[in-house]
Amino acid sequence: MVLETILYLIAYPPLWQVLILGFVGALLVAMVAIWFERKAAARVQRRIGPYWASPRLGGFMIIVADMIRYVTQQVIIPTTVDKIAFLLTPVAVLVVTILPLAFIPLSPHELYWPVASMEYSLLIALALTTLPPLLTVVLGWASSNKFSVIGSLRESYVITAYELVAVLAILAPAASTLSFNIVYIVEAQQPVKWLAILNPLAFLAAFLAVLMSTSAFPFEIPESEHEVVAGPYTEYSGILYALNMGGGYIRRFIYAIIIALVFLGGWAPYTPGLDPFTGFIIPSLIVLVKASIVVLVMSFLRAVYGRYRLDQALDAAWRLALPLALLGLGWSIILAYMNLI
Amino acid sequence: MEGQKLQGMVVRRVEKELYEVFIGPQHPGSGHMRIIVRLDGDVIVEADPDIGYVHRTMEKLSEVREWLKPIPLLERMTIIDACNITVPYVNALEKLMDKSPPPRASYLRVLLCEINRVASHLYGFGIFGVFLGHSTMYMWAFGDREVFVELAEILTGARLTHSYPIPGGVRRDMPQDFPEMARRAVRYMRGRLEEYRRIFVDNPVIVKRLEGVGVISRNKAAELGIVGPNVRASGIRYDVRLAEPYEVYDELDFEIPVFEEGDALARTWVRVEEIKQSLSIIEQAVDWLERHKGEPIIPKEDYDKLPKLHREVYEKTGRVKLLPAHATMKIPAGKAIARGEMGRGEIIYYVESDGGTTPYRVRVVTPSARNAIVFKYIVPGHRLMDLPAIYGSIDYFPPEADR
Amino acid sequence: MPARVSLKSLKRRGGLFEGIKSNIQALAVGVKYFIDPQRSTLLYPKEYIEHRPGYRGFIVFIKDKCISCAACARICPSAAMKMVRVTEVDPKHPDKPRQKQYPVINYQRCIFCGYCVDICPTEALYHTPFQDVVYESLADMFLTLEAFQLEPGRPSVSEGSPVVYEVDEERGLIKRRR
């Protein structure tokens, strides 16, 4: 009885989804993603990568050590910056980045949704994911540094091009299932009618667009080291820099969760039960694992590709990714018309 | 204020629409130099290379050291290409002393030069890779360079600062198991070049970054006087090993790859092809050295002067001992010019002796010093993100240019 | 046979098919090394490199062979080696102390070019085949005559095991335990 109450308490959606999965889970995934990125790149590059911090864990503790360093490092606030914006934006970025989780259902049961209705959840979640880049532009502007301004300018170019593709491609499942309800989309994919298989074009477009718009490593055009030092984050140090950097990883993770839900079948092939454990915690963990795999594949690409030039990236967005997304959308409509899903 | 001259500076008004960005010297993508870039939007309208941050007065320091001592000093201009940069200096001394190295010593020099050339190109590839955000190329190139650094270490006893040639010969003979090791390294590197092609040179993203970027036309290349792989990528058939063969380069069978496109991709391919040719030269050199075992590596007249202990050491370990006279060696008065082809291009030495124990004048013109001009004339008109691509593709090395 | 010029030209870039093919090639190479990294990393404190005998490492002085000719100090390009005058007992005349010059080295300046070892007419100097020596302070790097005669302590030996690097045809450098 007591145990059940505790379970229900943990499964209280704002607590489980936003606090535990959102903050702790996202933090953990960000840590694992950074670690995996370093380890995977190291393997491809014939190195060992992080090792001595904890040889048995494959050097995972180096990420913890890094975090401790970021937290305890002095935060330098240059005199030329716009102080309020400079200090508040990194925090706002993190909050806004986590926000889409409030509209993402990780269980088919209404009881475990963070908000009462999931009718337009996909639209709202996607709309919220487009917010953080705007704050990145603010961030660069507040820094009052040439490299920051160039970096945030690039960020704004890249998001203009790729957010559109990302939104279009991720909306393709909505077109094929005729619903913006994520729960409905996931249920439609049960058990293995995953849209990534039925509609690989849209999936590829979504993957590419997410990679680009979250400036994942090989495509970190806004913060590419060799021209603009660290882009919008040049003036940041210590915990504020960690918030910015972690924000990027968490944003990619949120996108990955959406992709896992709408393309990779969400909690499929598992059929959730009714009680908190089988109805909420297990399905959400399945989604988490699928999202992690998406993030890890993105991390692997770091080792193989170089960096696109800004104009080439934009060119690729309009000429390659956008048609791909439109084709995916068209294919979704055909899927819907032929009742394939 | 406009055009007004202060001491050593020119004050000039910056256009209001232009954005002036200082790339370097405290910048992750600049190396030991500064490039002042003026941007109109994302397009560079003016680039001003500001060199000299690592000027170490190599020429002046050479003048106050006895003849042998500049060898380890001059190496430090391009520590990654140490033999190539010292061989022409030694050649100049040999011209003044009217001495010529025995063929085996020449072959050993060429062997080490080509090992250095491969290592130097791989170093260039590594830096190029990291400039383009391709961290794998960086790590691979540096890892594979280690193979050749290891070979050089076995041959000379030092990883980078070999101080290998001395006037009249070389300091050490090759160890017994060296040829087999060199052949294995050559075969390994050939296999690796194919993988480099797949992950880097033919990688669509990289090709896109390089194709048509930083085009130096044939005329422009001649006009700017750039050298090395950069000029060969623009269709000019110029290589010192071809124009004025030094050492035994005229006895070896190798090609000088020339491309005509003149863009960053062509420059990359020239280096890939040159690595292939260097590997073939290494093979030929070790073959020759194996066929001519036991030949001297210093001139006979020098060998005859050696005392008994020195000869014993030479027979046993292949190490040529210097005579105490070397420390205060005098070189007949005269002037000599010698040139050689380094990994990055042509190096020229002008050495003047007044008959004393130290050089009267040593003038060095290094390839990077001649290539630095590319920043000024080729970079404008490109985008800011092309700057690292051009920088990496001309393989500019500031310590070499600043001397 | 002099060098030949070979005029080459870049491959014409193909269309979509070529693009997909080269993407897959790049990814395949990445995956290949992801599965089998073929590393040769030296786990430094646990392992250390055993160099070959010809390696130009730290220099050790054998006092008995020295004839005080000062050639090593004169050839040293970085002026790291200096002669010091010491008063010592003459083996032939034990009652009469004699003055003699011996070299000492300053490792702050030494560049390990090995000229001194090569020029020594009596082989009184030799290279140790290692360079991983730690000094606690800069002052320690001025070796006294006594310290110059001892092989410097090598902390790696007490902490790790020796490995030898070999060139392999398939994997490049491979480390082999001894």
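Predicted model: local features only at pLDDT ≥ 70, side-chain atom pairs only at ≥ 80, totals over all residues.
On the side of domain 1 of chain B that touches domain 2 of chain B, strand E4 (34-40) and strand E5 (43-50) of chain B each supply at least two residues, and E5(B) gives the most, with seven residues. Sorted by class, that side of domain 1 of chain B has ten nonpolar, four polar and three charged residues.

Two salt bridges are also found across the interface of domain 1 of chain B and domain 2 of chain B. B:Asp42 and B:Arg383 form a salt bridge in which the closest N and O atoms are 3.6 Å apart.

## How the domains are placed

The domain assignment divides chain B into domain 1, covering 5-50, and domain 2, covering 58-402, and the contact takes 17 residues from domain 1 of chain B and 16 residues from domain 2 of chain B. The C-alpha centres of these two domains of chain B lie 32 Å apart, and the domains bury about 1,300 Å² between them, with 70% of it on carbon and sulfur atoms.

## Where chain B meets chain C

The contact between chain B and chain C takes 72 residues from chain B and 50 residues from chain C. Together the two chains bury about 5,400 Å², of which 55% is on carbon and sulfur atoms; B:Lys69, B:Arg171 and B:Tyr188 supply 10% of the area that chain B buries against chain C, which is more than any other three residues.

Seven salt bridges are found across the interface of chain B and chain C, and B:Arg171 meets C:Asp118 through their side chains in a salt bridge of 2.9 Å, N to O. The count of residue pairs in polar contact between chain B and chain C is 26, with both residues at pLDDT 80 or more. Among the elements that give two or more residues to the side of chain B that touches chain C are helix H5 (135-156), strand E8 (255-259) and helix H11 (264-291) of chain B, while H6(B) gives the most, with ten residues. By class, this side of chain B has 33 nonpolar, nine polar and 30 charged residues.

## Confidence in chain A

For chain A, the average pLDDT is 80, and 93% of the residues score at least 70. Within chain A, confidence is lowest in helix H1 (residues 2-10), at a mean of 72, and highest in helix H3 (residues 61-72), at 87.

Notes. Residues numbered from 1 in each chain as written. Chains lettered and ligands numbered in written order. Heavy atoms only, no water. Domains from an automatic or database assignment. Contact = heavy atoms within 4.5 Å. Buried area = accessible area lost by both parts, 1.4 Å probe. Salt bridge = Lys/Arg side-chain N within 4 Å of Asp/Glu carboxyl O. Helix = DSSP H or I, 4+ residues; strand = E, 2+ residues; numbered from the N terminus. Nonpolar A, V, L, I, M, F, W, Y, C, P; charged D, E, K, R; others polar. pLDDT = per-residue confidence, 0-100. Polar contact = N/O pair within 3.5 Å; in protein donor to acceptor, adjacent residues only side chain to side chain.
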